[in-house]
Amino acid sequence: MKPQTYASNSPILLTSLALISLLLSGAIFGFFYAWICSTMWGLDAADPKVAIAAMQAMNGSVRNAVFAPAFFGTPFVLILTALIAKRHGRTRAASAFLAAGVIYFFGGLIATMMVNVPMNEALALVASPDDPATAAQIWADYSPKWQVWNIARTVASGISLMLTGYALLTLREAKI
């Protein structure tokens, strides 16, 4: 018979991790969603020169200790929660937490690192043009593609959030 560890025996740990999973999933979904429904529309409505400068400033400020846990930590907390749920015999919840973690990892974190971040880094190198037509072209080349990928990562993080909610609901069910 295997000795039980605190992690595998503690409903408090599982509940705490499940709630942290929900918080992080909700935070990152909300972050991406806000870009869709306000930030990018506002920048698109602004003078392109202003939009470029504002986006450069936002991209420069987002790398911080407040953003990092939700962006980088979410998939790992979800996967850890899945492992603990599995050890508690909560197979349905474990599967949902695991799926949420994998979906966010690839659809949110990796997609951002492969597409949005390189686009942001390229925009950071652009000197704010004096010519309005040049600024308009730079923004037109940047914004639509960036937004498509932002929608993709928002959908992925939204699915992760829904799966996390589902997993929480199933934790109260009989062990499956």
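In this predicted model, residues 24 or more positions apart supply 84% of the contacts in the chain that have a separation of 6 or more.

The secondary structure consists of 6 helices and 0 strands, and the order of elements from the N terminus is α-α-α-α-α-α. The radius of gyration of the chain is 20 Å, well over the 16 Å that the globule rule gives for 176 residues, so the chain is more spread out than a compact globule. Along the principal axes, the C-alpha trace spans about 75 × 25 × 20 Å.

Of the 176 residues in the chain, 38% are buried. Carbon and sulfur atoms hold 72% of the accessible surface, which comes to about 9400 Å².

The structure contains 11 aromatic pairs. One of these joins tryptophan 35 and tryptophan 146 in a tilted arrangement, with 5.2 Å from centre to centre and 55° between the planes. This pair links distant parts of the chain, its members being 111 residues apart. The table places each partner in its helix.

| Residue | Helix | Helix range |
|---|---|---|
| Tryptophan 35 | H2 | residues 11–45 |
| Tryptophan 146 | H6 | residues 132–171 |

Both tryptophan 35 and tryptophan 146 are buried. These two residues also belong to one aromatic cluster, formed by Phe31, Phe32, Trp35, Phe67, Phe71, Phe72, Trp139, Tyr142 and Trp146.

How values were computed
Residues numbered from 1 in each chain as written. Predicted model: local features only at pLDDT ≥ 70, side-chain atom pairs only at ≥ 80, totals over all residues. Heavy atoms only, no water. Helix = DSSP H or I, 4+ residues; strand = E, 2+ residues; numbered from the N terminus. Rg over C-alpha atoms; globule rule 2.2 N^0.38 Å. Buried < 20%, exposed > 50% of the residue type's maximum accessible area, 1.4 Å probe, protein only. Contact = heavy atoms within 4.5 Å. Areas by Shrake-Rupley, 256 points an atom, 1.4 Å probe, with all protein chains shown as cover. Phe/Tyr/Trp six-rings, centres within 6.5 Å; stacked < 30°, edge-to-face > 60°.
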